[in-house]
Every structure is written in C-alpha cells, then in structure tokens.
Amino acid sequence: MPSFPEPAWFLALGRLMEAEGALFQRLGFAETRFAVRVVPDEGSDGGETLVGLVIDGYRLTDAKLLDRLETFDPDFVICARRSVWDRMLSEIAETGRPSLRHTLSSLALMGEEMWLESTDQLREDKFYRYNQTLQELLNLASHMPAR
Amino acid sequence: MGTVHIKDEARIGSEAKVKLQPSTYLQKLYQSGTPDLGWMDNMAEWGVRAKPGNLGLRLKDIQIGTYGQIPDQGGEHRSMAPRGAVIPEGLPSLGFTLNEKAEVWADNAAELYEEAVARQWSSARDIPWSELKPLPDDLERAMCQLCTFLTEVEFIAADAPTRWMSQMNQDFFEVKMFLATQAMDEARHMDVFRKRALANGGGLGTASVLSELSLKRIFDAPSFSAQTGRLHLLGEGFVLTMFRQGEFIAPCRVDQEIFRRCMQDESRHVGYGTMHLRAQLKANPGVAEEIHEQLDDAERILLETFSIPESVEPMAILMGGGVKNFDKGMDLQGQLWRRIVHEYLQRCDSAGLDRRPRCILPTDFSKLVEAPPDAVVS
C-alpha cells in the first residue's frame with residue numbers, strides 16, 4: 001500500500017474523490033495546481049518531500065514528486081513538518097476529520113506548524129477559495145492507511 | 001378561439017387610453033400567410049459551435065470568434081443589446097456611465113462567476129445546526145457580538161457595487177454576472193450570521209458607529225475603482241482574514257463550517273477586486289492616487305474601529321477560549337494582525353499598487369495604542 005506522502009497515496013485519494021462524486025459536486029468545482037511540502041522533523045534523517053498535485057474540477061488528475069517547484073509552477077505550497085502531517089492524518093483516521101484547530105486553514109492561519117508559500121497572493125488565495133474541497137480530499141484519508 | 005379561459009374577457013381594453021395601430025408586417029402576414037424570415041439572414045456570426053469542456057459549457061467555452069472579443073470601449077448604443085448581436089438602429093440608451101473596459105474589467109470575472117455558481121451553498125441545508133451545543137456564557141456572548149458585526153457589514157458588498165453595476169456597459173456582462181453572485185454571497189453571509197446569533201441562546205449584540213462610518217464611505221466612493229480599492233482590497237481582504245480566524249476560533253463544528261464556507265466566498269470577491277485594480281492601474285496609472293486616497297481614509301477608519309471594546313474583545317475572548325484567557329487571546333490577535341497587514345499589502349502588490357510607503361496600518365498590533373506625535377484626531 002502506498003503511504004503518505006507518496007504520489008501513489010495521493011492518487012488513491014483521488015480515486016476516493018471520484019467515488020465520492022456527489023460530495024465534491026455539491027462543494028463545487030476546483031481548479032488548482034498546488035504542492036505539499038513535507039519537512040523532516042528536527043533531528044530526523046532524510047530530506048524534505050515535495051509532491052505536486054493538480055485538481056481539475058472534481059478530480060485529482062495528477063500527483064508527482066517534484067525536484068524543483070519552479071517547473072511545476074504551483075498556485076501555493078502547503079508546508080508542514082512530518083509530525084504535523086502525521087497528527088492531522090491520525091486525527092482524520094480516528095474521527096474522519098482533524099480536530100477543530102488542526103484543520104488546514106487553522107494551521108495555515110497561525111503559520112507556525114503549517115505555512116503557505118506562493119509567489120502571488122492572488123494565487124495563494126486559491127487555498128481559501130477551494131479550502132473545503134482540499135480539506136474534504138484529505139479527510140478521505142480516513143479510508144486509507146496513513147503511512 | 002383559445003382554450004384558456006380568461007376572466008371577464010369582454011371587458012379587456014374597454015376603457016383603454018392608448019390605441020395601437022396594427023403593424024404593416026402583421027397585416028401582411030395575416031393577409032398572405034407568408035412569413036418574412038428576413039431576420040434569418042441577419043445573424044451576427046452564423047456557424048459557431050461552442051464545445052463544452054470537462055465541467056460543462058462554461059463562459060470561457062463560448063468566448064469564441066467575435067463573441068469572445070471584449071471591446072476596450074463598450075457599445076455606444078448604451079443598451080442591453082447582447083455583445084455580438086446585430087445592433088439595430090434606434091436602440092434607446094440606458095445611460096450607462098462606465099463604458100471603458102478598464103473601469104470595470106477583471107480577466108478572472110467569468111471564471112469567478114462560474115466558480116461562484118458552482119460553489120453556492122445553503123445556510124439552512126449545509127450547516128449542521130443540530131450539532132450546535134450550549135457554550136460557556138462568555139464565548140456565546142463573544143460569538144454573538146462578532147456575528148452582529150458581520151451581519152452589519154457584510155451586505156455592503158452587495159449594496160455598494162450593485163449601485164455601480166447598473167451603470168456598467170452591458171458589453172462587460174461577465175463583470176455584472178460576477179457581481180450578481182457576490183450580492184448573492186453577501187445575502188447568504190448576512191443570513192447565516194444572523195441565524196448563528198439567534199440559534200444558541202444568545203442574540204444580536206451592539207451595532208457600531210465606526211462600522212457604519214466605514215460602510216458609508218464605501219457607499220460614497222467617487223468611482224467604481226475607488227470603491228473596489230476600499231471594499232475589495234481592504235474591507236473584504238480584512239473580513240477574509242476574519243473568516244479564517246473564525247474558522248480557527250470556532251468552538252464547534254457548526255461555527256467552523258459557517259466561517260469556512262464564507263471564507264471561500266469572500267476570497268472570490270477579493271480575487272475579483274485585485275484583478276480589476278490590476279487591469280485598471282495598467283490601463284490608467286493615474287488612478288493610483290485616487291485609490292491611495294481612498295485607502296488612506298479606509299485604513300484610518302479600520303484603525304479606529306479597532307479602538308473600541310466591541311471590536312477588540314470578542315475576538316480576543318474567542319481566540320483565547322474565554323475571558324479567563326483574555327491575555328492569550330490578545331497575543332494571538334496580535335499575531336493575526338500581522339497576517340492581515342501582510343496579506344493586504346501582498347494584494348496591493350498583486351494589483352500593482354505600491355502601498356507600503358503610504359500604509360498607516362502598523363505591523364505590530366501593540367502599536368495601535370501608541371499615537372504618533374503628529375497624529376490627527378478626527
């Protein structure tokens with residue numbers, strides 16, 4: 001089984017997204033290319049992982065490992081340490097969604113545990129425009145092993 | 001003659017003040033029985049076949065041929081004749097005053113319209129009201145005061161731009177359609193925050209003189225672009241961050257859903273405003289000074305708004321988790337203030353407006369209590 005944050009793990013989420021078509025159609029379409037940056041925890045070995053993702057309408061159409069952000073040109077990058085991602089996925093596995101203050105939006109708002117990177121505020125704002133879609137997509141991880 | 005029964009049919013027109021002569025065309029048609037059909041040869045661009053994309057047939061899919069050409073100047077007929085239609089003589093003008101593309105246009109207007117239509121939601125259906133649980137008294141009072149503020153200010157983003165909407169040349173219909181969705185969004189925001197205030201044993205709190213002053217200045221802005229600077233760039237950008245804070249401070253999932261959904265709507269509005277100003281400033285750089293002047297005043301009123309307890313304390317109580325954690329709440333609010341200023345200036349940058357040297361918003365929230373020596377008391 002693929003594990004977070006392998007592209008295959010995200011593509012499996014994408015298949016679940018298509019299976020949950022009614023939920024995402026009710027939220028409305030989203031069109032964005034973004035990246036997830038998983039930063040290693042302090043003291044741990046290994047480098048960071050960068051995965052580029054594309055949502056086109058109601059489908060996750062692409063997920064791939066990135067060497068460089070520039071060639072992928074994402075609207076925004078969601079960045080967090082490995083332990084923060086793991087905590088979110090663990091909470092999703094337990095209850096179907098992260099706890100109130102551990103949602104994507106809440107964590108990115110405070111900017112300490114999770115932060116956004118973007119070259120243009122207008123493009124970063126897509127994170128807010130499609131936030132429910134992004135959160136519901138991650139919440140589908142409750143149907144998958146987290147790691 | 002017909003099978004539809006019309007009440008008192010014989011009386012219809014018996015006291016009419018206007019008599020209309022039948023048209024020559026109709027007389028000829030009824031005499032000869034032969035239709036004219038001349039209009040069939042008078043189509044603007046016959047043979048166009050728009051193809052739907054993966055999300056259906058969207059506005060961008062029908063931007064083809066001459067139909068996709070947005071004129072720099074709207075039609076001089078100033079009527080609602082559709083862009084791309086054959087324009088006959090004698091159209092009565094509706095007196096549109098915003099006839100230059102740069103005065104209203106944003107390249108993302110059509111995209112945002114489609115997105116808004118697709119991402120509509122219902123405050124009755126999509127908010128899990130049944131999960132609302134009683135909150136500690138201080139948190140409920142704070143939430144109700146916040147909802148009072150939001151109920152008070154949200155609909156300005158419907159009332160104010162739609163005053164200009166009726167002045168926009170119809171050739172820029174994509175902008176009008178987007179603004180119509182914005183008005184619908186704001187109706188829903190006013191609706192959902194009013195419902196929230198009344199749904200959990202609280203009720204509405206105190207309205208605000210300073211908020212009303214801010215709304216009045218938006219209402220009175222001298223041009224659509226000036227209003228956009230004031231409303232979309234600063235006002236809605238500020239409220240967008242408040243919605244994000246709302247999602248963060250939400251004591252329960254009901255509140256989280258409300259704020260998250262409003263946040264999505266609000267970011268479309270900010271997206272339109274930023275792109276409109278970008279287009280306007282590129283075409284007419286001289287407009288920058290007008291927008292700066294609006295923002296000078298809007299920033300000042302925003303700072304004054306943050307000088308009264310009804311504005312400062314509810315958010316601090318919600319951020320801290322209660323009155324007992326008020327200091328912690330103020331600290332968090334200070335952190336978020338930096339984000340508000342940062343994102344506002346980033347949006348100004350994105351719009352092509354160098355606001356940084358002129359901005360009076362301090363980056364440090366605690367500076368709000370330090371008056372500069374030459375402060376103007378208004």
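**Questions on a predicted two-chain model**

Q: In which helix of chain B is B:Asp265 found?
A: This is a predicted model, in which local features need pLDDT of at least 70, side-chain atom pairs count only at pLDDT 80 or more, and totals for chains, interfaces and linings use all residues. Residues are numbered from 1 along each chain as its sequence is written, while chains are lettered from A and ligands numbered from 1 in the order in which they are written. Helices (H or I, at least four residues) and strands (E, at least two) are DSSP runs, numbered from the N terminus. B:Asp265 lies in residues 253-283 of chain B, helix H8.

Q: Is B:Asp265 buried or exposed?
A: A residue is buried if 20 or more other C-beta atoms, placed from the backbone, lie within 10 Å of its own, exposed if 12 or fewer, and partly exposed in between. Because B:Asp265 has 26 other C-beta atoms within 10 Å, the residue is classed as buried.

Q: Which residues does B:Asp265 touch, not counting residues up to four places away in sequence?
A: Two residues are in contact if their C-beta atoms, placed from the backbone, lie within 7 Å. With residues up to four places away left out, the contacts of B:Asp265 are B:Asp185 and B:His189.

Q: What confidence does the predictor give the complex, as ipTM?
A: For chain B, the mean pLDDT (the predictor's confidence in each residue, from 0 to 100) is 93, and 97% of its residues reach 70 or more. For the complex, the pTM is 0.93 and the ipTM is 0.92.

Q: What is the strand order of the open sheet in chain A?
A: Two strands pair if DSSP finds at least two bridges between them. The sheet has five strands with mixed pairing, and strands S3 (59-65) and S5 (114-117) of chain A are its edges, each pairing on one side only. The order in chain A is S3-S2-S1-S4-S5.

Q: Which residue is the bridge partner of A:Ala35 in S4(A)?
A: Strand S1 (residues 30-39) and strand S4 (residues 76-81) of chain A pair in the parallel sense over six bridges. In S4(A), A:Ala35 has as its bridge partner A:Val77.

Q: Which element gives the largest share of the side of chain A that touches chain B?
A: The contact takes 21 residues from chain A and 28 residues from chain B. Elements of chain A that each supply at least two residues include strand S2 (49-57) and helix H5 (104-110). The largest share, four residues, comes from H5(A).
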